[in-house]
There are 2 protein chains.
Amino acid sequence: MTAHAREPRSRRERPAKPALTRAGIIGTAVELMRAEGLERVTMRRLAQELDTGPASLYVYVRNTAELHAAILDQLLGAVDLTPAQADGDWRDRLTRLLGSYLAVLFEHPALARSALVARPSGEHYLDLVEAVLALLGEGGLAPAGAAWAVDLLLLFTTSTAAEQSTRRQAADAQDEWDALTAALREAAPARHPHIAALGGLLLSGTGEARLAWGFQALISGVLAAPAPDTSGSTP
Amino acid sequence: MTAHAREPRSRRERPAKPALTRAGIIGTAVELMRAEGLERVTMRRLAQELDTGPASLYVYVRNTAELHAAILDQLLGAVDLTPAQADGDWRDRLTRLLGSYLAVLFEHPALARSALVARPSGEHYLDLVEAVLALLGEGGLAPAGAAWAVDLLLLFTTSTAAEQSTRRQAADAQDEWDALTAALREAAPARHPHIAALGGLLLSGTGEARLAWGFQALISGVLAAPAPDTSGSTP
DNA sequence: ACCTGAACACCGTTCAAGT
DNA sequence: ACCTGAACACCGTTCAAGT
């Protein structure tokens, strides 16, 4: 048995087993997600893709939540930030910017859900925050108001993506949605008079129309809100 | 070996093994959640608690998501709906109502997250929607506006709970939050001038103050928004 | 109709041991 | 310092077989 013969097969069949790096791991994770969906991007499955054991990944990634946050930040590179520098009404441009963020999340609903839990903190997320702040500043919002408004706007967009887009992928989630619409439609006028009176209105409008309305309401709202009390700090 | 001796031990030691019912299953699930947290309310663990096998639960519960939605609806029975009937400014009462909903969610952050994915459709959730609609109607919102506004308000409240309260429980989530605050504080003025300029303002304010501000902005916003275009319907 | 044992196909994370 | 095998302690869901 020569040294040559003991060379592991995998070394010979694969072109090269690249050294593990954080960037390489995240890159492979993004590929895997595009190919099979975020549900498949588990530590074990990803390790398999990288031709190693799951334990090896923990040198570069703290845990699954952090891995997903890193994937999201990578994807946020695709958000179109140009509305922040363009001409035209700042409200329209802010809506376009948030719409672009939403579009990225819509492609990967599970990621939007994880963004609510493990907030991204990478460069691309900061670029997005920066662009929103620039537009709010243009709109004349005072600094403290803008600081709180950016949170409100991004939370609304992220949670809209998390909620709406899950339905389109998971059959189970669709069942829950159907149950809700049925419950609203069949509401007993005695117990739920307002719901019964509104009828189909509660479920009216396309997703886009409701979203655009939501953005308008939010932007008007943060303009109308009083200057925030910024004493104290988030725990 | 007599028939008596072959009686399984569990039958003799436990007072009685109650027959499985949906209500009984959900009730046990709620107890289990209060005792050990929602993470522990798995089909397997719950079956164990009910002294049966996981497969038995599928007769009464479609899947884990539906189980969690049912648990949430049960808990929503604790939401204080009296502000809808009380005297006083309708905005204040709406804020109190949403605050009570938030408080319930805050006690069980994981449940808030699941509510974004599998929306509850039980009686208690309908009661909440009804109460919000009643207050919006008092505030003079046109029916179509109220129909969309209730979604916006509940989505904001639910996602705030999902986001904020996760941090307090999961150590990992706290890490992510720390990473975000550090990233904001250390933003490079060259690339992120607005973030750098705002400095601590971005993270200012207590959770309560930010929440109250958010409710105000939302209420002002839905009042200011134009009548929605209700043609078409949610897919 | 309801209930179940057993199986299928997976998970995250840790840790002692190696290089 | 980096990497790993192996283990620990779990998952959701299905299905054929029983009562």
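## Chain A: contacts and fold

Take the contacts in chain A between residues at least 6 apart in sequence: 68% of them join residues at least 24 apart. That figure, like everything below, comes from a predicted model.

As for secondary structure, chain A has 13 helices and 0 strands. Read from the N terminus, its elements go α-α-α-α-α-α-α-α-α-α-α-α-α. Of the 235 residues in chain A, 51% are buried.

## Where A meets B

How many residues does each chain bring to the contact? Chain A gives 78 residues and chain B gives 78 residues. The area buried between chain A and chain B is about 7,000 Å², with 65% of that coming from carbon and sulfur atoms. On the chain A side, the residues that lose the most area to chain B are A:Trp148, A:Glu176 and A:Trp213. Together these three account for 12% of what that side buries.

## Polar links and who supplies them

Between chain A and chain B the count is 8 salt bridges. One of them pairs A:Asp127 with B:Arg191, and the closest N and O atoms there are 2.6 Å apart.

Which elements of chain A give two or more residues to the side that touches chain B? They are helices H6 (64-75), H8 (109-117), H9 (123-138), H10 (143-169), H11 (171-185), H12 (193-198) and H13 (207-224) of chain A. H10(A) supplies the largest share of that side, 17 residues. Sorted by class, the side of chain A that touches chain B holds 42 nonpolar, 20 polar and 16 charged residues.

## A look at H9 in chain B

Now for a quick geometry check on helix H9 (residues 123-138) of chain B. With 16 residues at 1.5 Å a residue, H9 of chain B should span 22 Å, and its end C-alpha atoms are 23 Å apart, so the two agree.

Is H9(B) mostly covered or mostly open? Mostly covered, since 12 of its 16 residues are buried. The buried stretch takes in B:Tyr125, B:Leu126, B:Asp127, B:Leu128, B:Val129 and B:Glu130, along with B:Ala131, B:Val132, B:Leu133, B:Ala134, B:Leu135 and B:Leu136. Just after H9(B) comes B:Gly140, with a positive phi of about 90°.

How values were computed
Residues numbered from 1 in each chain as written. Chains lettered and ligands numbered in written order. Predicted model: local features only at pLDDT ≥ 70, side-chain atom pairs only at ≥ 80, totals over all residues. Heavy atoms only, no water. Contact = heavy atoms within 4.5 Å. Buried area = accessible area lost by both parts, 1.4 Å probe. Salt bridge = Lys/Arg side-chain N within 4 Å of Asp/Glu carboxyl O. Helix = DSSP H or I, 4+ residues; strand = E, 2+ residues; numbered from the N terminus. Nonpolar A, V, L, I, M, F, W, Y, C, P; charged D, E, K, R; others polar. Expected span 1.5 Å × (residues − 1). Buried < 20%, exposed > 50% of the residue type's maximum accessible area, 1.4 Å probe, protein only.
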